[in-house]
Amino acid sequence: MNRILELLLSLIPLLATAAAVLTLLFFAYWFLLGRRTDLANEHRLYRQIAMFGLTAAGAIAISLALPVSDSTRNQVIALIGVLLSGVIAFSSATIVSNLMAGLVLHVTRPFRTGDFIRVGEYFGRVVGRGLFSTEVQTEHRELVYLSNAHMLSTPVTVVRSSGTIITATLSLGYDVHHTQVKGLLLEAARNVDLEEPFVKIVELGNYAITYSVSGLLTEVKGMLASRSRLFESILDALHTAGVEIVSPSFMNQRRQENDTKILPVMSEDVLQPDSPSSEDMVFDKAEEAEQQEKAEINLKEEISKLQAQAKESEGEAKKQIEVQIEQLREQLVEIVQDEVDTGGDEDDVARQDVPPDKPPAGL
């Protein structure tokens, strides 16, 4: 009986420690993740890392409270270390590698939500950057999830938000003088509002000359439509000037006179009005994610400025500023609510509580 009592008494520190650790982990999970179900993957990253650290610390604390000798306790702690090492070793090719790659991408930030990127064969706009993968919406309106390890090991081409170069390449026969072609191509580029256009002769082939015309497009969101308009403008400029877009090797089964030119018939009846921008439909989710992120950042910055002003103000002026701060907070909540209603668990937007006396801290 005495041995049983001694055993129970020796287990009290272990049970108390285990209860304290479990309680702490429960409230930590609720505070970091449980009450914030609207957080996107990117914003959950640091909270998940904190929970992992707390769990590891709790396991060590419980092992220290075991009613065993110091040598046995050290062996238990070593066993925990071996188990963690084994898990990391077996999963390093997938989970851990993606996790570490996600951390690197979050720190370096080579691209942001809404940017156009090209990764291998995939091209599109970034919708969200998660813990293990990055979501990209392609020009076919498809959603592609690329693992962060793949993103880190593959060259990523990012279209600069300040502008990109739009280029069109075509081949024309040697019977057309290159100075005439250069003037027509420059005119076509200016007609679609490309800045600082230029023309280069790419190749002198056996049967044709290869030209390229390029220009700076400052509004990158309309990149796909601008490239299509550039092609149309090139066709109109060359056909209007009587330049055939065929090489000397062009073959036609119909009998033609020697001086007959192959030109399409242009008619006003077949002209179609310009359709709405295709990017609005193709990259709808990426555009929505970018706008939500920008709106959230702008609101947080405005709240920070007003809070700084409130500290320096008194009386009625301070009350007015506090009213403005409360209105901005309500707008911030509405943005997050719209995200949740439209599937915000996948987008790169998250709500953040703003304390009354401190500026909001980015997650």
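Contact here means that heavy atoms lie within 4.5 Å. Leaving aside neighbours within four places in sequence, L185 is in contact with L170, V199, Y211, V213 and I234. The structure is a predicted model, in which local features need pLDDT of at least 70, side-chain atom pairs count only at pLDDT 80 or more, and totals for chains, interfaces and linings use all residues. Residues are numbered from 1 along each chain as its sequence is written, and side-chain values use heavy atoms, with hydrogens and water left out.

**Strands**

- Helices (H or I, at least four residues) and strands (E, at least two) are DSSP runs, numbered from the N terminus.
- Two strands pair if DSSP finds at least two bridges between them.
- Strand 6 (residues 164-172) pairs with strand 8 (residues 209-217) in the antiparallel sense over 9 bridges.
- Within this pairing, T167 stands opposite S214, and L172 has I209 as its bridge partner.
- Strand 7 (residues 195-204) runs antiparallel to strand 8 and is joined to it by 7 bridges; a hairpin of 4 residues links the two strands.
- S214 in strand 8 is also the bridge partner of F198.

**Burial and the nonpolar core**

- A residue is buried under 20% relative accessible area, exposed over 50%, and partly exposed in between (1.4 Å probe, protein chains only).
- In a regular strand the side chains alternate between the two faces of the sheet.
- Strand 8 is largely enclosed by the rest of the structure, because 8 of its 9 residues are buried.
- A nonpolar core is a set of buried Ala, Val, Leu, Ile, Met, Phe, Trp, Tyr and Cys residues joined through side-chain atoms within 4.5 Å.
- The largest such core has 29 residues, of which L185, Y211, L230 and I234 touch the most other members.
- Strand 6, helix 5 (178-191), strand 8 and helix 6 (223-240) each supply at least two residues of this core.

**Salt bridges**

- A salt bridge is a side-chain nitrogen of Lys or Arg within 4 Å of a carboxyl oxygen of Asp or Glu, and the count comes to 2.
- E296 and K300, both in helix 8 (residues 284-312), form one with the closest N and O atoms 2.9 Å apart; both residues are buried.
- E326 and R329, both in helix 9 (residues 315-341), form another with the closest N and O atoms 3.8 Å apart.
- E326 is partly exposed at 39% relative accessibility, while R329 is buried at 18%.
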